[in-house]
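Visitor: I have a model open and want to talk through it. Can we start with a term, then go to the fold?
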Amino acid sequence: MDREKEILIKAIEKIRETIAIEVDFLPNTQNNLRYDGMINFKYGDMEWEFFIEIKRHVNEANIGVLIKNFQNNLDKLIIVTEYIFPNIAADFREKGIQYID
């Protein structure tokens, strides 16, 4: 199993342990798109869908690319990673970018 898939599985398990919500991941099967898949959250009759981008590491070098790729959909993006440095996390919060680490 590749490392990004392990990161995603761990994140989904943590969400399910923390809150009673259904979580489904739909991988991107079209290689020309700029996201890894879609993640759906369902709670009762409410449902939310987000683009998901899985990164082993988030750093200054790849933040710009992520923001550019999703500039029109930042509110619909969740970045899943092993760890986000506090300064980057603060920047994400300021820009309204959601993340799971």
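Guide: One term before the pockets come up: a pocket is an open set of grid points with protein on both sides within 12 Å along at least five of seven lines, and lining residues have an atom within 4 Å of a point. The model itself is predicted.

Visitor: What is the mean pLDDT of the protein chain?

Guide: The mean is 87, and 97% of the residues reach 70 or more.

Visitor: And where is confidence lowest, and where highest?

Guide: Helix α2, residues 60–69, is lowest with a mean of 81. Strand β2, residues 37–43, is highest at 93.

Visitor: OK, the sheet. What is the strand order?

Guide: The order is β1-β2-β3-β4-β5, five strands in an open sheet with mixed pairing. β1 (22–27) and β5 (98–100) are at the edges with a single partner strand each, so one side of each has no neighbour in the sheet. From one strand to the next, the twist averages 30°.

Visitor: Which sense do β1 and β2 pair in, parallel or antiparallel?

Guide: Antiparallel, over six bridges. L26 stands opposite M38 in β2.

Visitor: What about β2 and β3?

Guide: β2 and β3 (residues 46–55) are antiparallel too, over seven bridges. Y43 has M46 in β3 as its bridge partner. Two residues lie between the strands of this hairpin, and G44 takes a positive phi near 60°.

Visitor: And β3 with β4?

Guide: That pair is parallel, with five bridges between β3 and β4 (residues 77–81). K55 has T81 in β4 as its bridge partner.

Visitor: Which strands does helix α1 touch?

Guide: α1, residues 3–18, packs on the sheet and touches β1, β2, β3, β4 and β5. Its direction makes about 145° with that of β3.

Visitor: Changing topic: how much space is in the largest pocket?

Guide: About 240 Å³. It is lined by 14 residues, and the closest to its centre are K5, L8, I9, F25 and I54.

Visitor: Which element gives the most to that lining?

Guide: α1, with seven residues. By class, the lining of the largest pocket has seven nonpolar, no polar and seven charged residues.

Visitor: Which residues line the second largest pocket?

Guide: R3, I7, K10, A11, K14, V80, T81, E82, I100 and D101. α1 and β4 each give two or more residues to that lining, and the largest share, five residues, comes from α1.

Visitor: What volume does the second largest pocket have, and how does its lining divide by class?

Guide: The volume is about 160 Å³. Its lining has four nonpolar, one polar and five charged residues.

Technical notes. Residues numbered from 1 in each chain as written. Predicted model: local features only at pLDDT ≥ 70, side-chain atom pairs only at ≥ 80, totals over all residues. Heavy atoms only, no water. pLDDT = per-residue confidence, 0-100. Helix = DSSP H or I, 4+ residues; strand = E, 2+ residues; numbered from the N terminus. Pairing = 2+ DSSP bridges. Axes fitted to C-alpha atoms, helices over the stretch in contact; angles between N-to-C directions. Contact = heavy atoms within 4.5 Å. 1 Å grid on protein atoms, 1.4 Å probe; cavity = no way out; pocket = protein on both sides within 12 Å on 5 of 7 lines; lining within 4 Å. Points joined across faces, edges and corners; volume = space filled by probe spheres on them. Nonpolar A, V, L, I, M, F, W, Y, C, P; charged D, E, K, R; others polar.
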